[in-house]
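Reader: Please take me through this model and show how each answer is reached.

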Amino acid sequence: MANKRIELEQYKHYVNLLEEEPNRKTARRGFLTCAIVMVILVVGFIVMGFMSTNLARNPSNVTSKPQPATSTPTGTQVPSGTQLPSGTQLPSGTQLPSGTQLPSGTQTPMAPTDKMMSDAGPAGLIDAQPGDLVAQAQSSTPTPINISAPSTSPGSVTSPGKPAAKPLPTTTSGAGNLGNLANGAGARGLDIYVLVLGIALMIVIYLGVRRVRLEGKTK
Amino acid sequence: MKANVIVFEAAIFIFFLFFYHGSSRAMGKSRNRVFFAGALLYSLAIQTVAVLGGVMNFYWYQQNTYYKHYPLGGYIIWLGLVPLAAGLLFYMVAAMTQMLSTVMMPKASAWARSALAGAIAVGFYLLIEPIAITNHWWTWNLKSFYIIDIPLVALFGVFAAVFLFNAVYTLTVLDAKDQKNLKKFEDRTVKKLLKTNHHPANLNWRQLQWLFFYRLLMSLVVFAAFMTPVIVIFWAVANRGQIPPNW
């Protein structure tokens, strides 16, 4: 009985091995499929990198705040001549008729078909005065949005006797900032970066494919 | 067209389907299944802890008013605090690097192959990270040392995660071996639960799978032990402060 059990266990293991060791030709084809998928994925990321260049040129884009949700329902129509108090946040879809006065501090989101404010590259649209949009549109140089998020490093309790330690900024500078890379090399820095890295990865994948194909030829 | 989170997620899902089919043929169906389950759970555990610890988050699109109007909002499928796409991406990178390292260094030790896999994975994430953070697929909040807005902690983390995962997979599933330093511990724990005292090479497939998941769990402890000093060191030389996860 014990022998029978051992025999069955060994048989089970043997079946597993048969399933687990696909023949080399199948394995090679599977590897090639994976390699092709990953090369296309890398190419996809390169393309997405090119698509992201405009965003990346804004040095504060990475740490930009998401636009907060508002309680005002979307699609609200403001009556003509209405004066909005300062600090009012308007949800997207709000229609402002001509004659509406926007005080400073009013946050005006774009319509859903347009670009998002922080995504628009040239930042500084927040707190815009009437007429500023035209000036922003004419300007080709991106300017950063200043994020006023406080640094909350744990353990940074300041004692009354000592001078307060300078808090770390929540945005990076120099080599730490992606915007500097994106704006470098004639504003083609990020494109070059993703292209070089993508090609390097494709070469590594190709080296693997070459080995597999050589194995296939020798056997 | 923008490379927003919907584009990222849709691309990952489509690529995953083809990749899974290919890796099933390359590794073997059962092995690939266990690799996939392991990679998904492994990345899920690490990224969930990272989100809970305020290291990173995936919520930018959920919090953004603009994308609340977008047909599908942010990510579609979530596994707790982490989107499925992030786990699938880790699986694809880990599996590809595992295959590449095996093909390129067939006679090297499991550790050397795993180190090569980790290095290639870092290359993949060096390409992915700048695009991900630019488009806010995920956001790094940690106070740390950043280069092109990527925390170096993340790159060390990718290397360690892929290295450990591949080492465990190779030493358990591919070349099933007893680990000398772990043998006594495993005999007392997992092998008692499995009611066996066999050498891993003589375990049946079901037992081998449990041993693999058990060793993955142990490797998470090693991962945490490795990452803690790395986080502390880069915390000390940080060039960017912490951003509260919900701003």
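Reader: How many residues does the contact take from chain A and from chain B?

Author: The model is predicted, and totals for interfaces use all residues. Residues count as in contact if their C-beta atoms lie within 7 Å. On that basis the contact takes 55 residues from chain B and 69 residues from chain A.

Reader: Which helix gives the most to the side of chain A that touches chain B?

Author: The elements giving two or more residues to that side are H1 (2-20), H2 (24-56), H4 (178-187) and H5 (189-218) of chain A. By class, the side has 37 nonpolar, 24 polar and 8 charged residues. The most, 19 residues, comes from H2(A).

Reader: Which residues of chain B does Phe45(A) touch, not counting residues up to four places away in sequence?

Author: Phe45(A) is among the residues that touch the most other members of the largest nonpolar core, which has 100 residues. In chain A, Phe45(A) touches Val194(A) and Gly198(A). In chain B, Phe45(A) touches Leu127(B), Ile128(B) and Ile131(B).

Reader: Are H2(B) and H10(B) roughly parallel or roughly antiparallel?

Author: H2 (residues 29-52) and H10 (residues 205-236) of chain B pack with their axes 11 Å apart, at an angle of about 25°. Angles under 35 degrees count as roughly parallel. Therefore H2(B) and H10(B) are roughly parallel.

Reader: How many nonpolar, polar and charged residues does the contact of H2(B) with H10(B) have?

Author: The crossing of these helices is right-handed. H2(B) contributes residues including Gly38(B) and Tyr42(B), and H10(B) residues including Phe212(B) and Leu216(B). By class, the contact of H2(B) with H10(B) has 10 nonpolar, 3 polar and no charged residues.

Terms used: Residues are numbered from 1 along each chain as its sequence is written. Chains are lettered from A and ligands numbered from 1 in the order in which they are written. This is a predicted model: local features need pLDDT of at least 70, side-chain atom pairs count only at pLDDT 80 or more; totals for chains, interfaces and linings use all residues. A nonpolar core is a set of buried Ala, Val, Leu, Ile, Met, Phe, Trp, Tyr and Cys residues joined through C-beta atoms within 7 Å. A residue is buried if 20 or more other C-beta atoms lie within 10 Å of its own, exposed if 12 or fewer, and partly exposed in between; C-beta atoms are placed from the backbone. Two residues are in contact if their C-beta atoms, placed from the backbone, lie within 7 Å. Axes are lines fitted to C-alpha atoms, for helices over the stretch in contact, and angles run from 0 to 180 degrees between N-to-C directions. Helices (H or I, at least four residues) and strands (E, at least two) are DSSP runs, numbered from the N terminus. Angles under 35 degrees count as roughly parallel, over 145 as roughly antiparallel, 65 to 115 as roughly perpendicular and the rest as oblique. A crossing is left-handed if the near helix is turned anticlockwise from the far one by less than a right angle, and right-handed if clockwise. Ala, Val, Leu, Ile, Met, Phe, Trp, Tyr, Cys and Pro count as nonpolar, Asp, Glu, Lys and Arg as charged, and the others, Gly among them, as polar.
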